[in-house]
Amino acid sequence: MTWMRWAPAMEQALYDPERGFYRRPEGPAGHFRTSVHASPRFARAVARLLLDVDAALGRPEELAFVDVGAGRGELLTGVLAELPAGVLARLRPYGVEIARRPAGLPAAVRWTDEPPRGVTGLLFANEWLDNVPLDAGEVDEDGVLRYVEVDTATGALRPGAAVSAADAAWAGRWWPVAEPGETVEFGGPRDAAWAGAVAGLERGLAVAVDYGHTAERRPPFATFTGFRDGREVAPVPDGSCDVTAHVALDAVAVPGLHSLWTTQREALRALGVSGGRPPLALASTDPVGYLRALSGAGEGAELTDPGGLGGFGWLLQTVGMPPLEIFEGL
């Protein structure tokens, strides 16, 4: 057995250069389905968002689209395919990912393992923060908050040392626990990762999309889970599966910036994605168009399903630009 706290165990399981899950050639799409893989309508909506950001910024000479946690470039490729030539001529697309640059990616895409600095445009992180390693804690029978340790071979858990002053302070601010058996996932590393990414924006909009929670809806138990071959599995940090945990989205938000929290359902609806069925009359006047619209409606319904992808949280933060009008009222 090898016992570790969750943060180093996740780091090794996901990002180890030799056997880390995210180094594997099949990429995330070989194991789980994100909004990007569910429908091209998601990339179309992000392209619409990028165009709105471009307009709000006054159509700068150089416009950045930064895809953080870019996987194998699926979202980047989809967004680029939706943009008009005039915008593409000014666009500087970035894929931020630790894996090697995928074959076939458009030459214009700059592939990097760190978010770029000094850019203007849209920074978009879809299901990235949930894979930033973090520790967990549990209150013991004496009321002491201790780190949870995990066996990297079996996923078994045990109490470890008392938590640091920094993690205790984070829990006191964002996720208070006091009773024996209560658990907390210390989001400090995610807060720092998001702040570092957003700091690269001189002007623009930063969007984090993830399954998460805010103070009024903290989960009562730990949220660590795993995914392998399209199925949810036990979160054993041995490199054979994804290991993920929900995100405290209110804690992540960079202080001092205009912030909006909403659901994917509401955000995508504002961006024109709907699950509504096309009018039946279209079936007789344009059967092919009707079938195409019906398929699109099914994809839109999946993306906005409040019990599934539509229940994901969206955190939107503006840097040096006004809030977008399309999200007013959310």
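R59 is found in the loop between α3 (40–56) and β2 (63–68); helices (H or I, at least four residues) and strands (E, at least two) are DSSP runs, numbered from the N terminus. This is a predicted model, in which local features need pLDDT of at least 70, side-chain atom pairs count only at pLDDT 80 or more, and totals for chains, interfaces and linings use all residues. Residues are numbered from 1 along each chain as its sequence is written, and side-chain values use heavy atoms, with hydrogens and water left out.

**Exercise 1. The surroundings of helix α1**

Task: State how many residues of helix α1 (residues 6–15) are buried, and which strands these buried residues pack against.

Solution. Step 1: helix α1 is mostly covered, as 7 of its 10 residues are buried.
Step 1: the buried residues are W6, A7, A9, M10, A13, L14 and Y15.
Step 2: they pack against β1 (3–5), β6 (136–139), β7 (145–151), β8 (157–162) and β14 (242–244), where contact means heavy atoms within 4.5 Å.

**Exercise 2. Aromatic pairs**

Task: Find how many aromatic pairs the whole structure holds, and describe the geometry of the pair Y15 and Y22.

Solution. Step 1: rings of Phe, Tyr and Trp (its six-membered ring) pair if their centres lie within 6.5 Å; planes under 30 degrees apart count as stacked, over 60 as edge-to-face and the rest as tilted.
Step 1: the search finds 7 aromatic pairs. One of them joins Y15 and Y22, at 5.9 Å centre to centre with 25 degrees between the planes, and is stacked.
Step 2: both Y15 and Y22 are buried. F124 and W314 form an edge-to-face pair, with 5.6 Å centre to centre and 75 degrees between the planes. This pair links distant parts of the chain, as F124 in strand β5 (residues 119–126) and W314 in strand β17 (residues 313–319) are 190 residues apart.
Step 3: both F124 and W314 are buried. Ring pairs also link Y15, F21 and Y22 into a cluster.

**Exercise 3. Charges over rings**

Task: Identify which ring R5 lies over, and which ring the charged end of R173 sits over.

Solution. Step 1: a charge sits over a ring if NZ of Lys or CZ of Arg is within 6 Å of the ring centre and within 35 degrees of the ring normal.
Step 1: R5 lies over the face of Y147, 3.7 Å from the ring centre.
Step 2: the charged end of R173 sits over the ring of W174, at 3.8 Å from its centre.

**Exercise 4. A buried strand residue**

Solution. Step 1: T225 belongs to strand β12 (residues 225–228).
Step 1: T225 has a relative accessible area of 12%, so it is buried.

Notes: Buried means under 20% relative accessible area, exposed over 50%, partly exposed in between (1.4 Å probe, protein chains only).
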